[in-house]
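Please read it with the sequence and the model at hand.

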Amino acid sequence: MDGFVVLAILETLVTAASSVQTFVLKSSNSLSKLYIESLRKMLPIQTVTLIPGDGIGPEISTAVMKIFEAAKAPIQWEERNVTAIKGPGGRWMIPPEAKESMDKNKIGLKGPLKTPIAAGHPSMNLLLRKTFDLYANVRPCVSIEGYKTPYTDVDLVTIRENTEGEYSGIEHLIVDGVVQSIKLITEEASRRIAEYAFEYARNNQRTSVTAVHKANIMRMSDGLFLRKCREVAENYKDVKFTEMYLDTVCLNMVQDPSQFDVLVMPNLYGDILSDLCAGLIGGLGVTPSGNIGAHGVAIFESVHGTAPDIAGKDLANPTALLLSAVMMLRHMGLHGHAKKIETACFDTIREKKVLTKDLGGNSKCSEFTADICRRVQDMD
Amino acid sequence: MATLTKVLKPILGSQLGNTAKVFGAAVNSQRGKPTYTGRTIPPPAKYGGRHTVALIPGDGIGPELLNHVRELFRFCCVPVDFEVVHVNSASTREDDINNAIMAIRRNGVALKGNIETNHTMPPNHKSRNNLLRTSLDLYANMMHCQSLPGVHTRHKNIDIIIIRENTEGEYSSLEHESVSGVVESLKIITRNNSLRIADYAFRLARDKGRRRVTAVHKANIMKLGDGLFLQCCKEVASGYPDIEFDSMIVDNTTMQLVSKPHQFDVMLMPNLYGNVVSNVCAGLVGGPGLVPGANYGRDYAVFETATRNTGKSIANRNIANPTAMLLASCLMLDHLKLHDYANMIRGAILTTMNETRLHTVDIGGQGTTSEVVQSIMRIIQSSGPLTTEI
């Protein structure tokens with residue numbers, strides 16, 4: 001009898017102890033969660049200027065905002081619109097509220113903007129570039145698992161000089177039937193872009209930087225660009241520096257894109273090569289892009305068009321804007337959130353269950369967004 | 001030339017043989033007549049029915065590949081003699097390249113390797129290849145990119161003809177430094193040259209039975225320059241209603257080329273975009289070792305590999321792919337109206353590539369250059385015509 005009583009008492013003691021243990025564990029779990037929450041709340045909430053854009057712009061911006069909310073990223077959005085207005089000197093400029101907001105926040109996210117033909121004013125993208133002196137266009141091209149293209153091992157970054165070069169817009173009609181177009185290369189701009197390229201390589205653990213040029217033909221202009229790149233390379237001995245002709249890069253890029261890492265180049269070559277690389281990974285609908293300007297300004301954008309035919313029908317693919325926003329988070333140093341959102345996005349695409357029409361599925365934009373939000377929340 | 005034969009033949013009877021043709025050609029040279037490809041009238045074969053062609057070995061893999069071409073021609077008894085002109089790329093004097101240009105003027109046709117340009121030299125030392133092209137006014141560069149069934153590539157069945165303006169545009173070599181640290185490079189587009197190249201493209205398209213010509217440009221940014229080019233193309237297109245004409249911006253073009261290359265038929269563009277697009281297409285069909293290129297002017301024609309690589313790193317190691325240079329020599333034989341020889345050699349090259357599958361390292365095989373050339377010679381010998389010993 002005594003033995004049974006002793007056993008019974010021991011049993012109750014053990015169950016009591018285990019329940020105390022689970023209680024302590026549970027409360028410590030929730031305590032740690034509370035702790036993490038409070039830490040998160042202590043992270044400074046940064047304000048970012050959001051420019052939804054035209055066409056499908058507003059829907060994809062909403063999608064991105066939803067995903068960021070689900071990921072609890074410390075970002076507050078300030079929406080602004082950019083339409084060209086005529087300033088006091090008769091020059092076209094962006095609305096002063098937009099400019100003020102960007103100057104204050106320094107970081108911006110932009111959707112696709114319509115470029116009206118024959119509206120009298122230059123393209124909005126050009127205006128933004130001139131206003132904030134956005135000198136570097138960065139486009140990381142990484143093959144997306146789940147969106148198959150003939151090229152599967154792409155992992156490179158194109159950094160393109162965005163202010164001068166062949167796109168200076170200086171053209172003259174010499175005599176009837178003879179036109180000259182001037183390509184401008186300056187020491188200052190070349191040095192600036194080279195420095196940015198090497199800084200980027202260093203900050204993102206990239207091993208080599210390749211300067212793309214055509215100095216055998218354009219001896220002075222590309223020669224100057226190349227000289228500046230070489231000079232800057234002297235200060236960054238940890239990053240390997242190579243030079244390659246534009247035609248060799250094109251030839252090798254379509255045969256074996258895995259041999260390239262970071263490419264830095266003047267305006268025209270950058271335009272062609274960055275679109276070539278975008279084509280390798282699946283087009284402009286999945287390519288992120290960022291523009292870095294002077295005084296710490298950075299605007300991240302999606303480079304596809306406004307797609308007016310599917311605007312408002314919940315059919316748009318927010319991947320490009322989302323990946324640009326992830327690039328923005330990395331630029332701001334919020335690597336944890338960036339990784340979370342990016343992984344969720346790639347997982348959704350890999351599963352192939354809720355893909356939008358351009359990725360080969362037939363789901364709606366909202367379903368795609370909801371799937372990503374769910375994954376992000378599950379990761380917590 | 002034909003009328004002279006008709007006049008002399010009844011007088012002198014059949015004892016004349018070929019003399020009338022040869023004599024007639026020299027007297028009544030029709031070389032001054034503008035021909036769009038230069039293919040209508042070949043240069044005259046002045047001595048014994050044998051043509052003389054200028055040969056410029058160049059640097060890198062050029063000399064060894066051109067030696068193989070000569071060996072092959074000697075083996076097949078092709079009635080072509082080569083006048084070899086060496087150009088020293090390291091020398092700053094322009095004598096070498098001037099001699100080469102004179103040789104080409106003399107012979108009318110040339111086969112060349114790429115001459116290296118050392119871009120650390122001062123700007124007055126111009127690219128030798130560029131000098132050659134502009135002095136001889138070789139305004140059209142034609143490149144036919146075709147997928148070969150024996151070569152493994154990501155895209156199959158590509159068949160694109162690329163026509164690139166060869167003398168002006170960004171390659172005008174007109175640069176100046178007005179202020180220290182600020183360099184301007186001029187890109188020249190002229191109406192005459194744009195009309196000329198567009199005319200060439202449409203005539204070629206019609207000749208080869210092609211359906212569509214696509215002009216590649218960047219007129220949204222370079223409104224005057226590329227705008228003029230596009231306008232000229234449109235003008236010429238209106239004269240060819242049977243051929244469809246459309247245009248595409250160069251960055252979109254490269255994107256489409258790597259995802260959907262089959263939508264392109266004939267592509268027409270100014271100099272720099274031509275460089276980019278032709279290299280992308282060469283990469284798509286298997287690499288720089290497979291595609292031949294031809295430069296046509298009004299009076300002269302120069303044949304070389306399409307991507308104009310010097311191949312310094314693989315020089316003299318017997319691993320270069322001879323296909324591009326050999327196919328370029330076949331294009332030259334076609335130009336000289338020696339079609340039988342051209343088809344025989346081309347057939348043997350394609351058999352080696354597609355059936356025997358003897359590939360060099362650049363397309364994934366393990367053959368050496370000499371093995372490939374030997375195989376081609378063996379196939380030619382077995383298919384019949386009189387050849388020398390291997």
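This is a predicted model: local features need pLDDT of at least 70, side-chain atom pairs count only at pLDDT 80 or more; totals for chains, interfaces and linings use all residues.

What percentage of the 380 residues of chain A count as buried? The first point takes this up.

1. Residues are numbered from 1 along each chain as its sequence is written, chains are lettered from A and ligands numbered from 1 in the order in which they are written, and side-chain values use heavy atoms, with hydrogens and water left out. Of the 380 residues of chain A, 53% count as buried; here buried means under 20% relative accessible area, exposed over 50%, and partly exposed in between (1.4 Å probe, protein chains only).

2. Overall form of chain A. The C-alpha trace of chain A spans about 120 × 45 × 40 Å along its principal axes. Its secondary structure comprises 11 helices and 14 strands, where helices (H or I, at least four residues) and strands (E, at least two) are DSSP runs numbered from the N terminus. Taking the contacts in chain A between residues at least 6 apart in sequence, 73% join residues at least 24 apart; a contact means heavy atoms within 4.5 Å.

3. Extent of the interface. Chain B brings 56 residues to the contact and chain A brings 49 residues. The B:H119, B:R154 and B:M255 residues supply 16% of the area that chain B buries against chain A, more than any other three residues. The area buried between the two chains is about 4500 Å², and carbon and sulfur atoms give 64% of this area. Buried area is the accessible area (1.4 Å probe) that two parts lose on being put together, summed over both.

4. The side chains of B:K218 and A:D271 form a salt bridge, at 2.7 Å from N to O. Both residues also belong to a network of salt bridges that links A:R160, A:D271, B:K218 and B:D251.

5. Strand pairing between chains. Strand β9 (residues 178-186) of chain A and β7(B) run antiparallel and are joined by 9 bridges. Two strands pair if DSSP finds at least two bridges between them. Within this pairing, A:T186 stands opposite B:V182 in β7(B).

6. Helix α5 of chain B. Is this helix mostly covered or mostly uncovered? Helix α5 (residues 128-135) of chain B is mostly covered, with 6 of its 8 residues buried. Those buried residues are B:R128, B:N129, B:N130, B:L131, B:L132 and B:R133. They pack against β1 (51-56), α4 (95-107), β3 (109-112), β11 (292-296) and β12 (301-305) of chain B. B:D137, which follows α5(B), has a positive phi, near 55 degrees.

7. A salt bridge of B:D137. B:R196 and B:D137 form a salt bridge, their closest N and O atoms being 2.9 Å apart. Because B:R196 lies in helix α6 (residues 191-207) of chain B and B:D137 in the loop between α5 and β4 (140-146) of chain B, the pair ties together parts that are 59 residues apart in sequence. B:R196 is partly exposed at 24% relative accessibility, and B:D137 is partly exposed at 30%.

8. Two further salt bridges. The count over all chains comes to 46 salt bridges. One joins B:D81 to B:R50, with the closest N and O atoms 3.0 Å apart. Because B:D81 lies in strand β2 (residues 80-84) of chain B and B:R50 in the loop between α2 (19-27) and β1 of chain B, this pair ties together parts that are 31 residues apart in sequence. Another joins A:R191 to A:E188, with the closest N and O atoms 2.6 Å apart. A:R191 and A:E188 are 3 residues apart in helix α5 (residues 187-203) of chain A, and are therefore separated by about one helical turn. A:R191 is partly exposed at 28% relative accessibility, as is A:E188 at 46%.

Notes:
A salt bridge is a side-chain nitrogen of Lys or Arg within 4 Å of a carboxyl oxygen of Asp or Glu.
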